[in-house]
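Reader: I would like to learn how to read a few surface features from a set of atoms. Please take them one at a time.

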Amino acid sequence: RERKRSGGTMAKSKNHTAHNQNFKAHRNGITKAKVGLKVSTKGMDPKFLRNAKFAKKNNKAGQKHTAQRARGAVDHFGNKL
């Protein structure tokens, strides 16, 4: 009987290829990630919810002024230029 050598075959040289991956990805179409559902506030602490509501409201006002400053419509103190 002949024994099989352990090193009889050559080592593999290619570890990775992207062949066909782009085709497979487009078969069902590439879509944007879905926006998650809004978390329910039912059963949350009422004091926390009131504070969160006011925080969101005041944050929007701040973002408005920041956008105006970025456009150069107002200075740092909110005065029109």
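Reader: Which residues make the nonpolar surface patch of about 300 Å²?

Author: The model is predicted. Val39, Met44 and Phe48 make that nonpolar patch, with an area of about 300 Å².

Reader: Where does Val39 lie, and is Val39 buried or exposed?

Author: Val39 sits in the loop that runs between α1 (21-27) and α2 (46-71). Val39 counts as exposed because its relative accessibility is 63%, and the cut-off for exposed is over 50%.

Reader: Which residues line the largest pocket?

Author: The lining is made by Lys38, Val39, Thr41, Met44, Phe48, Leu49, Ala52, Lys53 and Lys56.

Reader: How many helices and strands does the protein chain have, and what share of its residues is buried?

Author: There are two helices and zero strands. Of the 81 residues in the chain, 2% are buried; buried here means under 20% relative accessible area. The accessible surface of the chain is about 9,100 Å², and carbon and sulfur atoms account for 53% of that.

Reader: What is the phi of Asn20, and where is Asn20 found?

Author: Start with the general idea: most residues other than glycine have a negative phi. Asn20 has a positive phi, near 75°. Asn20 belongs to the segment before α1. Its relative accessible area is 38%, so Asn20 is partly exposed.

Key
Residues numbered from 1 in each chain as written. Predicted model: local features only at pLDDT ≥ 70, side-chain atom pairs only at ≥ 80, totals over all residues. Heavy atoms only, no water. 1 Å grid on protein atoms, 1.4 Å probe; cavity = no way out; pocket = protein on both sides within 12 Å on 5 of 7 lines; lining within 4 Å. Patch = residues over 30% accessible without salt bridge, like charges linked within 9 Å, V, L, I, M, F, W, Y side chains within 5 Å. Areas by Shrake-Rupley, 256 points an atom, 1.4 Å probe, with all protein chains shown as cover. Salt bridge = Lys/Arg side-chain N within 4 Å of Asp/Glu carboxyl O. Helix = DSSP H or I, 4+ residues; strand = E, 2+ residues; numbered from the N terminus. Buried < 20%, exposed > 50% of the residue type's maximum accessible area, 1.4 Å probe, protein only.
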